[in-house]
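Hello,

Here is the structure I promised to pass on. Have a look at it first, and then read my notes below.

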Amino acid sequence: MSTDLSTEAPPERPGPAAWLLTQLVRGYQLVVSPWFGPRCRFYPSCSAYAVTALRRHGAIKGTWLAARRLLRCHPWNPGGVDHVPAKGSPAPAEGCHHLDGHQTAA
């Protein structure tokens, strides 16, 4: 039985800078975040978004995506579902997809 592996995405392997930044975020998740409890208004949380962005897009674009996400995390933003864009896709549009299905512009 043969399986076609051409449609599967390759494993995400960050470069050394992205790996180091990912470890810093993971340190935050393990040491600092438990002291404050779940406060993120987005799903996935901002730190989980940052780890995924760094692993998927590398240090430069991953940091840019994570910084944009953190700048959107404020009391006047309703939050919602905001996944990291796929590698090779255009930059995400401003705004986010809310849990109830509607989308807002920034």
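Let me start with the salt bridges. R72 and D82 are both buried (under 20% relative accessible area). These two residues form a salt bridge, with their closest N and O atoms 2.4 Å apart; the term stands for a side-chain nitrogen of Lys or Arg within 4 Å of a carboxyl oxygen of Asp or Glu. R69 and D82 make a salt bridge as well, at 3.6 Å from N to O, and R69 is also buried. The whole structure has 2 salt bridges.

Before you go further: this is a predicted model, where local features need pLDDT of at least 70 and side-chain atom pairs pLDDT 80 or more, while totals for chains, interfaces and linings use all residues. Residues are numbered from 1 along each chain as its sequence is written, and side-chain values use heavy atoms, with hydrogens and water left out.

What about the surface? Y28, L30, V31, V32, W35 and F36 make a nonpolar patch of about 700 Å² (residues with over 30% relative accessible area and no salt bridge, nonpolar side chains being joined within 5 Å; areas by the Shrake-Rupley method with a 1.4 Å probe). One of these residues, L30, is exposed (over 50%), with a relative accessible area of 58%.

Happy to chat whenever you like.

Best wishes

How values were computed. Patches are made of residues with over 30% relative accessible area and no salt bridge: like charges are joined within 9 Å, nonpolar side chains (Val, Leu, Ile, Met, Phe, Trp, Tyr) within 5 Å. Buried means under 20% relative accessible area, exposed over 50%, partly exposed in between (1.4 Å probe, protein chains only).
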